[in-house]
Amino acid sequence: MKRRHKKFAIILTAVIGLSVAALFIMDAFKDNMVFFYSPTDVFAGKSPTNKTFRLGGMVEKGSIKKSTKNLKVEFIVTDNNKKIPVTYEGILPDLFREGQGVITQGKLNENNMFTASEVLAKHDENYMPPEVADAMKRAKEKANKSKM
Amino acid sequence: MNITKYAAPVVFYPLAGKLIPWFAWATGITLTIGLIMGLFIAPTDYQQGESYRIMFIHVPSAWMSMLVYVVMATAGAVALAWKTRLSEMLATACAPIGASFTLIALITGAIWGKPMWGAYWVWDARLTSELVLLFLYLGFMALQASIDDPRRAARAAAILALVGVINIPIIHFSVEWWNTLHQPASVSKISAPSIHPSMLWPLLINAVGFHLFFATTVLMRMRTEVLIRERHKSWIADIVGVKP
Amino acid sequence: MNWAEFFTMGGYGKFIWSAYGAAAFIIILNVVLPMRRHKKVLHMLRELLKMKERE
């Protein structure tokens with residue numbers, strides 16, 4: 001093979017390789033671009049039906065009901081607009097807490113109940129020692145009181 | 001002063017040789033301070049307990065994975081435009097270091113994700129684009145290795161690096177553009193960082209340490225590149241200590 | 001703080017130490033491998049130049 005031909009072949013392979021890689025990536029992204037749907041999205045009919053999808057939001061305060069006998073747990077996912085009750089059986093991540101972000105994978109039934117097969121906790125970008133968090137919480141409560 | 005003078009491999013080789021020990025010591029001292037502060041002094045996090053300490057290596061290596069890529073692509077662009085040998089060598093030296101930082105970010109992130117999120121890996125936009133970055137580095141190295149002529153290899157790899165630059169803003173903004181499991185940025189946001197100063201300091205010190213580490217190893221790798229690429233030049237004989 | 005407590009890291013010890021260990025391993029590899037390669041290349045160049053001298 002001539003040098004010029006070899007060079008052309010290399011460039012062609014590189015371009016094809018890159019394009020194929022880009023296609024795969026775009027395809028992977030298309031399905032995952034939306035990593036999760038909020039309860040509002042679900043009520044707006046944006047989430048897939050009869051297919052598993054991820055539901056994301058906050059665990060509503062005071063909504064966690066844990067079974068004493070097994071690993072069954074019930075809680076409500078909210079985005080401060082709509083709410084969806086979720087049932088799950090399994091081990092929960094350490095950051096699964098009331099008022100914290102959560103992403104669950106599963107199916108929605110006819111009664112708008114979500115049966116999750118996987119629960120992931122989403123954490124926020126804030127990092128601080130507990131004393132500081134407590135102080136901030138107290139300051140916020142104080143500010144709210146003085147407003148009233 | 002003429003900066004381009006230092007871009008001549010014959011000047012660069014001994015200069016880098018003198019600089020490396022200084023950078024190496026600075027790296028060692030900075031990272032020791034950063035690690036002591038991160039593991040012993042920084043307080044427990046209110047949400048994540050002690051597990052957040054993985055952040056002190058995860059975040060700086062993720063930053064470096066992107067910075068090294070930008071350096072590599074810029075060096076590649078300079079090499080394409082002006083055919084400067086040293087910038088070709090810089091781009092070549094960057095690739096394995098950048099791949100290493102990416103790998104550290106991915107591994108530490110996975111280990112951190114398991115206890116906090118409940119999963120080692122998810123295909124969200126942030127994690128996927130960082131994985132694409134690793135493949136870009138590996139592709140750069142593979143492409144360069146597959147072409148025999150070093151100058152043509154450098155040019156082909158530089159084009160690949162430039163195309164891949166698009167991934168850098170995607171990584172950075174992925175957490176804002178799409179719903180991701182990964183949390184948004186804590187430090188590089190416009191308002192004040194949402195990390196308490198007692199936790200921010202070890203993070204920033206480690207970040208400085210990682211920059212210094214990059215400087216150290218990139219100079220080491222570039223010196224080897226100089227030896228290989230300039231082996232037919234007469235001054236190489238003086239350096240290796242054999243008179244021709 | 002005692003050492004046992006430090007290594008347990010509030011129950012996250014295995015995660016923290018494996019993450020730090022993996023990072024340390026990759027970083028050390030990034031020092032050792034380039035140094036070895038540099039020595040090897042220097043050695044090869046010396047051999048090459050010696051051969052040229054003999055010719």
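A salt bridge is here a side-chain nitrogen of Lys or Arg within 4 Å of a carboxyl oxygen of Asp or Glu. By that rule, the interface of chain B and chain A holds 0 salt bridges. The model is a predicted one.

**First selection: the interface of chain B and chain A**

Select the residues of each chain that touch the other. Chain B brings 40 residues to the contact, and chain A brings 33 residues. Together the two chains bury an area of about 3300 Å² between them, and carbon and sulfur atoms give 61% of that area. Within chain B, please highlight Tyr46(B), Gln47(B) and Asn179(B): these supply 20% of the area that chain B buries against chain A, more than any other three residues.

Next, display the polar contacts across this interface. How many residue pairs are in polar contact between chain B and chain A? The count is 12, with both residues at pLDDT 80 or more.

Now colour the helices of chain B. Helix H3 (85–117), helix H4 (125–146), helix H5 (150–164) and helix H7 (197–229) each supply at least two residues of the side of chain B that touches chain A. Colouring that side by residue class gives 21 nonpolar, 14 polar and 5 charged residues.

Chain A contains 3 helices and 6 strands. Followed from the N terminus, its elements have the order α-α-β-β-β-β-β-β-α. Of the 148 residues in chain A, 31% are buried. Among the contacts in chain A with a separation of 6 or more, 48% join residues 24 or more positions apart.

Over all chains, the count of aromatic pairs is 18. For one of them, select Phe6(C) and Phe7(C): their ring centres lie 5.4 Å apart and their planes stand at 65 degrees. Because an angle over 60 degrees counts as edge-to-face, this pair is edge-to-face.

Is each of these two residues buried or exposed? Phe6(C) has a relative accessible area of 5%, under the 20% limit, and is therefore buried. Phe7(C), at 47% relative accessibility, counts as partly exposed.

Key:
Residues are numbered from 1 along each chain as its sequence is written. Chains are lettered from A and ligands numbered from 1 in the order in which they are written. This is a predicted model: local features need pLDDT of at least 70, side-chain atom pairs count only at pLDDT 80 or more; totals for chains, interfaces and linings use all residues. Side-chain values use heavy atoms; hydrogens and water are left out. Contact means heavy atoms within 4.5 Å. Buried area is the accessible area (1.4 Å probe) that two parts lose on being put together, summed over both. A polar contact is a pair of N or O atoms within 3.5 Å; within protein, one must be able to donate a hydrogen and the other to accept it, and residues adjacent in sequence count only if both atoms are side-chain atoms. Helices (H or I, at least four residues) and strands (E, at least two) are DSSP runs, numbered from the N terminus. Ala, Val, Leu, Ile, Met, Phe, Trp, Tyr, Cys and Pro count as nonpolar, Asp, Glu, Lys and Arg as charged, and the others, Gly among them, as polar. Rings of Phe, Tyr and Trp (its six-membered ring) pair if their centres lie within 6.5 Å; planes under 30 degrees apart count as stacked, over 60 as edge-to-face and the rest as tilted. Buried means under 20% relative accessible area, exposed over 50%, partly exposed in between (1.4 Å probe, protein chains only).
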